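Please read the following report beside the sequence and the coordinates.

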Amino acid sequence: MSYIIDRRLNGKHKSSVNRQRFLRRYKEHIRKAVEQAVNQRSIQDLDRGEQITIPKRDIHEPHFGHGQGGKGSIVHPGNKEFASGDRIPKPEGGQGGGSGQGNASNQGEGEDDFVFQISQEEFLDFVFEDLALPNLVRKDLKEIKEFNLKHAGVVSEGTPSKLNLVRSMRNAYARRMVMSSSSRRKLAEAEAEREALLDSASSAEEKARLVWLDEQIELLKQKIESTPFLDTYDLRYNHHIKEPRPSSKAVMFCIMDVSGSMTQETKNIAKRFFILLYLFLHRNYEKIDVVFIRHHTSAKEVTEEEFFYSRETGGTIVSSALKLMHKIVKERYSPDQWNIYAAQASDGDNWDDDSRICKQVLAEDLVDLVQYFTYIEITPRDHQSLWYAYEEVQAAHPDSFAMRHIVEVGDIYPVFRDLFQRRQHESSH
Amino acid sequence: MSRATSKSDYLSQGPDWSFESIEQYDIEIGKIAQEFGLDTYPNQIEIISSEQMMDAYASVGMPLGYHHWSYGKQFLETEQNYKRGRMGLAYEIVINSSPCIAYLMEENNMMMQALVIAHACYGHNSFFKGNYLFQTWTDASAIIDYLVFAKKYILDCEEKYGIEEVELTLDSCHALMNFGVDRYKRPIPLSLTEEKARQDEREQILQQQVNDLWRTIPVSEKVEQSKLKEAVFPSEPQENLLYFLEKNAPLLKPWQREIIRIVRKMAQYFYPQRQTQVMNEGWASFWHYTLMNELYNRGKVGEGFILEFLQSHTNVVYQPSFDSPYYSGINPYALGFAIYSDLKRMCEAPTEEDRRWFPDLVDRPWLEVLHFAMHNFKDESFILQFLSPKVMRDFRFFGIENNEVDPYVEVKEIHNDEGFHALRQRLAQQYNLSYREPNIQVQRVDLYGDRSLTLRHTMDNGRPLNDDTMEVIKHFKRLWGFEVRLESCSGETILQTYNCDSTSL
């Protein structure tokens, strides 16, 4: 006797716990792979997970077994020209056939790497483990300018325009039923008695009773009739509450110096940093605009391609970019509706006079508009005037302005993590 | 052969399967199987999706298992290979349990489903029920319950002692898993109720025994003296390393001993399967071939169906030559199928050669001979007993010897009259677990000294241990808790010593 069972509707992720265990165990490997991947991806390319590669020897499960050497013996199929006693030279460094038995298919892959996929979600989890958006919460609570009206049930008080007819009428009907129920029961009894008497009434006593009953019936009918059809306490009103609508839109400004002093390598470092920021915002907002502003002595809004790969020479006036950003914000991205983030990358070169202006534009115009402004300086050299000017801004606005120094590629991820580290008081959100 | 040819008699028409047709096929195949004397456990046929098949793969085919990262690794590997199309999923997984659980993948067509039913539900199933190794070492009716118990127990341990802790213990047990089986002694059958009832008691008693072994309270001198004489512990070398650890490791917590026991039980459960690959797959292949052809002979399936089947069957029992890029050792399906088919041939139409080689087999009823061969052997003895010169010739087998010090490998024997006996012996040895796996036993424990433990590897044909050895010894050390060393010996000479002292882990 056989039972045939359809199991297709059962869960198919029976292995997910084991999969998670595996990911947890090789967290370090995966994080490294993720870091590398982040460095290689283009900014808006995140519709996919990542392929993780771990050297096979790192995940190998050891077992006692025979190694190479000694006297091996094996039987193979498919002899064509061998006769007993034939001696065949061993292939250089080959496996010689010493102990090829056992799970040959498992070993066939040799020292290949172990490769597997993690989903986009998992990928980003690894990238942003323990990171939080600065100031996100604060904006949500304080500066909301948009509201949604939301149904919040029915209440017994309200304006006539919000009268809920169905609920009110239903209440009224119920109330009428309750209030008139005893009268209607009596009415029914009286009518039944009258019906019975009507046929057989002969004595005067019974006739008097009949008259009395008629009066009673009339009275009861009036009483039922007088039950109010609609009473004030039947009325129900729709209730709405105002729910703040958190802005789900963000705009990210990427500002980069493209003057002659910025090498392609420096730009690549900046790019990686921008990618991280973009990925990060993407996880927190529904819609993200990215604005690329590059500048030398004058600033210009450009496409991503142009931003990273076209070169220009010339001096450096950083404030031009800041001014352009301010202009774009005013024209297109009202801070009421947009969460504004900015990341600026530079090698620190600036005209001496200009650093003072930068500080002024930032402190007076921009800092109050943005959620967070990050400045990274990519240079192996000493800081110049721009850094010191920005330091003053940071001192004045520690919550919405941050700056870090990057020397080489390896610094990017740690610096990013450092900038966005979940702060203690935010950890509960 | 009389064959009805009316199309309407066919069990199914198109390539698609339905629950009704699966049931129909199962009934028909079961009927024929019974005529051939295949004695089976009841079947539980489960239809699953390919994702579920991957899940089943990752848990060594078991319907449920405790959680461990290595199963996750397996899953990821399977998934990756499958997605890249590097590998088709094997179309069947069958579990040695009662009822015998077999999985059918929904993506397969009707022919494949019928093939799997014949192969798994009647072939493997009857093997599980009939072969002496399975009868001796496993209890099909208890395994599912035991798995439930094991999963629950390990889950509880994880809650109580932390996932990390449990994982470390499991890692170490897995490393020694192949050395956690009793090879000669019949184990007590698994029983869930007993397991549960005895567990607490066992924990306490075990700990008590261990404490006795390691008692440090001073004893009278007289006793001390007599003790010293018998201070060789264990009195005989122990080959079941996990069992030894479970019973004697001084520092293990009771729950760790229980986990060792669980892993040991699982190893024991799989032990017969590791020893009967050729026989088992060969038997299942022989029967799917026979049963499906019988369906055709009886007019239950059409020509297209049987042709498609034959193509799949040919792929299953295909043996690439040693120099083919697809070669990855001897295909157990091919070898097993060839031996059983040849047995049948020898019974029905023996040649002169067969009469010389198998005087006891020729002219006997083939069904009886086949059942005898299935019931009473394991791969090694099966090949030694039944591999005929014809099969060796058909496979064009040749035996190679490879001596490390020799720059040449030598062809010792090929498929000719002079070679058959030695060749068969060589092939049989290849399936002998004690040849495949190194011989490592617990030699002695320094009971009254530093509690260090010595393992002895007795070399076979001068073959050294592999590169994992040090790692595995570390795992052993983790469970033992004190210094562990392994001596690799040839005869009485120690050729190499691996040392894992108490500081390194």
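## Basis of the model

This is a predicted model, in which local features need pLDDT of at least 70 and side-chain atom pairs count only at pLDDT 80 or more, while totals for chains, interfaces and linings use all residues. Residues are numbered from 1 along each chain as its sequence is written, and chains are lettered from A and ligands numbered from 1 in the order in which they are written.

## Contact between chains A and B

In chain A, 58 residues are in contact with 81 residues of chain B, where contact means that the C-beta atoms of two residues, placed from the backbone, lie within 7 Å. On the side of chain A that touches chain B, at least two residues each are supplied by β1 (2-6), α1 (16-25), β3 (71-76), β4 (87-89), α4 (104-107) and β5 (113-118) of chain A; helices (H or I, at least four residues) and strands (E, at least two) are DSSP runs, numbered from the N terminus. By class, this side of chain A has 19 nonpolar, 26 polar and 13 charged residues, with Ala, Val, Leu, Ile, Met, Phe, Trp, Tyr, Cys and Pro counted as nonpolar, Asp, Glu, Lys and Arg as charged, and the others, Gly among them, as polar.

Strand β1(A) runs parallel to strand β1 (residues 43-48) of chain B, and five bridges join them, strands being paired if DSSP finds at least two bridges between them. Within this pairing, A:Ile4 has B:Ile45 in β1(B) as its bridge partner.

## Domains of chain B

Chain B is divided into domain 1 (7-131 + 276-311), domain 2 (321-435) and domain 3 (438-500), with bounds that come from an automatic or database domain assignment. The contact between domain 1 and domain 2 of chain B takes 14 residues from domain 1 and 18 residues from domain 2. On the domain 1 side, α4 and α12 (277-297) of chain B are the elements that give two or more residues, and the largest share, eight residues, comes from α12(B).

Helix α4 (residues 110-130) of chain B is largely enclosed by the rest of the structure, because 19 of its 21 residues are buried (20 or more other C-beta atoms within 10 Å of a residue's own; exposed if 12 or fewer, partly exposed in between; C-beta atoms placed from the backbone).

## A:Lys207

A:Lys207 lies in helix α8 (residues 204-225) of chain A, and counts as exposed because it has 12 C-beta neighbours inside 10 Å.
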